[in-house]
Amino acid sequence: MSKDAVTTATAAPSTAAATPADAGDAGYSKDLKARHVNMIAIGGAIGTGLFLGAGGRLRDAGPALALAYLVCGVFAFFVVRALGELVLYRPSSGSFVSYAREFLGEKGAYVAGWMYFLNWSTTGIADITAIALYTHYWSAFTDIPQWVLALVALAVVLAVNLISVKIFGEMEFWFAIVKVATLVAFMLIGVFLLATRHEVGGGTPGLSMITDHGGVLPHGVLPVVLVMQGVIFAYAALELVGVAAGETAEPEKVVPRAVNSIMWRVGLFYVGSVVLLALLLPGSMYSAGESPFVTVLSKIGVPAAGDVMNLVVLTAAMSSLNSGLYSTGRILRSMASAGSAPKFTARMNRSQVPYGGILLTCAVCVLGVGLNFLVPAQAFEIVLNVASLGIISTWVIIMICHLVFVRRARAGLVTRPSFRLPGSPVTEIVTVVFLLSVLVLMWNDPEVGRKTLLLVPVIAAMLVGGWYGGVRRKVAARG
C-alpha cells in the first residue's frame, strides 16, 4: 500500500469507503448487520476451547484454571480493544494484516498473514477433530472412523461458507444464539444443583469438591502455567470482529459495542463456567476427550441431557470451523493484493466470496484428516499447540501495530478515534511481554510444549525462505 493511499484514507474516511486504501478491500458486499457482528463477537468468545478443551485443562490444572481464564481474558480484551481502535481508524477486511502493512511494512503484513493462516488452518484441524470426537459420543457413529467424520464435516462447512457472506453471518448469528442459550441453561442447572445439594456422580456438589480433592492448586502452579497456551487458544477468534467490520455498513457504531461487551462475556461464560464445573465434580473426573459439560450432565442421571449438550458443542465446533474459513479467505485476499500470497487466493466468486483463500485453508485441513487417521487420540492436542503459536504471534503483531499507530498519532500523522485502548503504551508492552512469556514457559512441558517451541525455528525458516524465494520480488513488482 502506498503512502499516498494511507494519507488519503486518514484524511478523508468517506472517500476511503469508495476507494479502499487496501486494494484487498475492493469488491466486498456490506451485508453484515449489527446483530451479525455482535453475535460473531460472542461466537468468537465461545468455541471448542471452552466446550472441549476445558475438560482436559480442568483435570490437569484443577480449579485454578478459572484464574488462568480470567488473566488471559483480560489480555485478550486489551488485544481486541486495540484492534477495535484500528478498525475505527480505517475499517478493512484485511484487518490486522492491512494495519501491519501500513505501520510495519509489507514484511510485517507477510508475517502477520501467514502466522494467522497457520493459526486458523491448524484450528480448522482441531475443529474437525472435535466434531469427529463429539460424533463418536453416540453409539451409532462409533464404528465410523474418526477421519471419515472429520472429512464429512469439512466438506459441509466448506459448501456453506462459499455461498455468501450474508449466509455466513446468519449461520454465525444462530450458532452464537445456540451457544449462549446453552451455556446460560447449563449455568442455571449448575446453580440449581449447588443450591439443592443434588448428587452429581456420586458426590455432593459444593466447596468440598475443591477442598477435599487437593484444593485450588491440586497439582501445583506449574500445570496452571502450562495450560496457558491452551487457554489463549480458547480466546482465538475474538479478532474476527476486526475482519467482519470490513463487511458491515456502519463499523463506527457496531464495533465499539461488540468489543466492550467481550469483557463481561469472558467473566460470565469462561470464568463462571469453570468455577461451576469445579464445584460440581472433582477435576479428576473430567477428560480431554469429552466436553466437561457433557460429563456433568451425564452424571446427574439424565443421559438425554448429555446427548443434547453434545449436539450443542458439535454446533460450536462447526461454528469455529466456519469462522476460520471466513477469516482466512479475507486475510489471504488482502495479502494476495500485495503479492505476498498466491495469486489465486485473491479470486472472488459471483457472491463476492474470496473462494481462493478459503480453498487453500481447506487444503491444509485435509492434512488434518490424515492426522485423524494416523493419531486420532492425540490429534486435537497436537494442533491446538501449533495453533497457539499462530494466535500468540497475531496478537503480538496487533499490539505492535497499535504502538506504532499511537506514536504516529502523537506526531500528528494520523488521528486516533475517540474509542481508544486505555493505558497506552504500557498496556501494549505488558500484553506483549505476557504473550511472549507464555511461549517461553511452554518449554517446561517436555511432552507437548517443548516440541511445539521447537517448531518456531522451522516456521521462521519457512517464512524467510518464502519471502526471499519469490514473495519479495512480487511485492516489489506491485509497488
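Q: Contact means heavy atoms within 4.5 Å; which residues is Leu58 in contact with, leaving aside its neighbours within four places in sequence?

A: Leu58 is in contact with Pro63, Leu65, Val274, Leu277, Gly283 and Tyr286, those neighbours left aside. This is a predicted model, in which local features need pLDDT of at least 70 and side-chain atom pairs count only at pLDDT 80 or more, while totals for chains, interfaces and linings use all residues. Residues are numbered from 1 along each chain as its sequence is written, and side-chain values use heavy atoms, with hydrogens and water left out.

Q: Where is Leu58 placed, and is Leu58 buried or exposed?

A: Leu58 belongs to helix α5, residues 53-61 (helices are DSSP runs of H or I, at least four residues, numbered from the N terminus). Leu58 has a relative accessible area of 1% and is therefore buried (under 20%, with exposed over 50%, 1.4 Å probe, protein chains only). Its C-alpha atom is separated by 7.9 Å from that of Ser284, 226 residues apart along the chain.

Q: How many residues does the largest nonpolar core have?

A: Nonpolar side chains tend to be buried together in soluble globular proteins. A core joins buried Ala, Val, Leu, Ile, Met, Phe, Trp, Tyr and Cys through side-chain atoms within 4.5 Å. Here the largest has 146 residues, and Phe51, Tyr69 and Trp114 are among those with the most contacts inside it. Helix α6 gives the most to this core, 15 residues.

Q: Which residues of α6 meet α7?

A: Leu83, Leu86, Val87 and Tyr89 in α6 meet Ser95, Phe96, Tyr99, Glu102 and Phe103 in α7.

Notes: Contact = heavy atoms within 4.5 Å. Helix = DSSP H or I, 4+ residues; strand = E, 2+ residues; numbered from the N terminus.
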